[in-house]
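The following exercises ask the reader to work through a structure piece by piece. Each task is followed by a solution in steps.

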Amino acid sequence: MVVAPTSGNNVWCAAAGGHLTTHQVITALKTSGVAERVRHRRAILPQLAATDVVGRDVMRRCRWRVRFGPVHAEDLPQYLADDRRKTDRMRRARFGVRERLEMAASWAVPSGLVLGVLALALKPSWMLPLLGLCASLAVSVFLFYDRIPGPRRLLFGGSALAVALPVVLIAGGGGGALLAAAGACVLLTGVLTFDYTGSTPIEGSSHFEERRWRITLDLDRCRGVYSCWEVCPEACFEKREDVRKIDLAHDDRCVLCGACIVQCPKDAL
Ligand code: SF4
Ligand code: SF4
């Protein structure tokens with residue numbers, strides 16, 4: 001295994017933000033000494049690196065043949081066992097219930113600790129309600145954020161306020177308690193929803209927010225190389241059965257990662 005530096009970013013954001021590039025992959029391959037340790041020149045890269053690592057440039061500049069493997073590392077054993085064939089499931093970015101709950105816990109525990117210590121120091125009776133707010137917000141953001149249309153941050157923040165403030169009033173809290181509850185709701189919603197988008201490739205990276213284009217396909221140029229189909233994390237493409245060309249069948253799922261544009265050798269996208 002060769003590790004290329006990504007400035008501490010995950011593959012999705014690193015490739016989108018210029019921290020995992022063709023140059024870095026070539027440098028890692030050339031400086032790691034891996035060429036002296038194996039008898040082949042085939043590198044398997046994480047699929048989500050395809051937004052900025054150009055396989056044919058790696059080949060041209062250091063004679064390593066690059067293939068984009070599965071999105072998730074846990075699928076590598078099956079991918080290798082199946083002679084480097086990706087199933088539809090391996091090509092798609094996933095964010096299952098287990099991963100969602102892991103992320104919720106990884107936020108709820110440290111934020112709960114900070115809020116708990118603050119409450120203990122200032123007003124111990126606020127500790128349990130604050131911990132409850134923290135846990136319920138973390139779980140609901142990570143379970144439902146992508147399933148809610150419209151201004152999602154506002155909706156989550158508003159719902160948290162709509163639940164927390166009446167509870168404080170019913171419990172007999174005064175102005176200070178109301179202010180603390182409102183502050184905790186706004187702060188927690190902001191932090192959790194910001195981190196949510198960076199936690200999963202089912203959302204576009206924040207690096208894509210400036211992008212103002214949409215994908216179109218020039219069928220005359222398409223030669224059916226299927227690199228776009230290999231690298232799209234949202235399965236927007238389908239192979240045509242009648243002719244060796246691609247169909248941009250699900251452009252509504254596109255998250256503007258740009259991987260298909262970068263990888264298409266015929267400039268058909
Ligand atoms: S659009 Fe480009 S990458 Fe996709 S099948 Fe056609 S030629 Fe290949
Ligand atoms: S169709 Fe959209 S989501 Fe799929 S690879 Fe192209 S830019 Fe990315």
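**Exercise 1. Identify the residues that surround ligand 1 and sort them by class.**

Solution. The model is a predicted one. Begin by listing the shell: Cys222, Arg223, Gly224, Val225, Tyr226, Ser227, Cys228, Ile246, Cys264, Lys266, Ala268 and Leu269 surround ligand 1. Next, assign classes: eight of these residues are nonpolar, two are polar and two are charged.

**Exercise 2. Carry out the analysis of Exercise 1 for ligand 2.**

Solution. The shell of ligand 2 is made up of Ile215, Val231, Cys232, Glu234, Cys236, Cys254, Val255, Leu256, Cys257, Gly258, Ala259 and Cys260. Sorting by class gives 10 nonpolar residues, one polar residue and one charged residue.

**Exercise 3. State how the chain is divided into domains and how far apart their centres lie.**

Solution. Domain 1 covers residues 11-91, and domain 2 covers residues 103-199. Taken over C-alpha atoms, the centres of domain 1 and domain 2 are 40 Å apart.

**Exercise 4. Describe the largest nonpolar core and determine which elements supply it.**

Solution. As a general principle, nonpolar side chains in soluble globular proteins tend to be buried together. In this model the largest nonpolar core has 34 residues, of which Ala15, Ala49, Ala50, Val53 and Cys228 touch the most other members. At least two residues of this core come from each of α1 (11-16), α2 (22-31), β1 (42-45), β2 (65-68), α10 (227-231) and α11 (259-263). The largest share, six residues, is supplied by α1. Another core, of 25 residues, lies apart from it and includes Leu115, Cys134, Ala164 and Tyr196.

Now consider Cys228. Leaving aside residues up to four places away in sequence, Cys228 touches Phe237, Ile246, Cys260, Gln263, Cys264 and Leu269. Cys228 also belongs to the shell around ligand 1.

**Exercise 5. Compare the span of helix α7 with the expected value, and find what covers its buried residues.**

Solution. Helix α7 (residues 127-144) contains 18 residues. From its first C-alpha to its last, α7 reaches 26 Å, close to the 26 Å expected at 1.5 Å a residue. Its buried residues are Pro129, Leu130, Leu133, Cys134, Leu137, Ala138, Val141 and Phe142. Among the elements that cover them are α6 (97-122), α8 (152-170) and α9 (175-199).

**Exercise 6. Find the buried residues of α2, their cover, and the glycine that follows the helix.**

Solution. In α2, the buried residues are Thr22, Gln24, Val25 and Leu29. Their cover includes β1 and α3 (55-62). After α2 comes Gly33, which has a positive phi near 80°.

Terms used: Residues are numbered from 1 along each chain as its sequence is written. Chains are lettered from A and ligands numbered from 1 in the order in which they are written. This is a predicted model: local features need pLDDT of at least 70, side-chain atom pairs count only at pLDDT 80 or more; totals for chains, interfaces and linings use all residues. A residue is near a molecule or strand if its C-beta atom, placed from the backbone, lies within 6 Å of it. Ala, Val, Leu, Ile, Met, Phe, Trp, Tyr, Cys and Pro count as nonpolar, Asp, Glu, Lys and Arg as charged, and the others, Gly among them, as polar. Domain bounds come from an automatic or database domain assignment. A nonpolar core is a set of buried Ala, Val, Leu, Ile, Met, Phe, Trp, Tyr and Cys residues joined through C-beta atoms within 7 Å. A residue is buried if 20 or more other C-beta atoms lie within 10 Å of its own, exposed if 12 or fewer, and partly exposed in between; C-beta atoms are placed from the backbone. Helices (H or I, at least four residues) and strands (E, at least two) are DSSP runs, numbered from the N terminus. Two residues are in contact if their C-beta atoms, placed from the backbone, lie within 7 Å. The expected span of a helix is 1.5 Å times one less than its number of residues.
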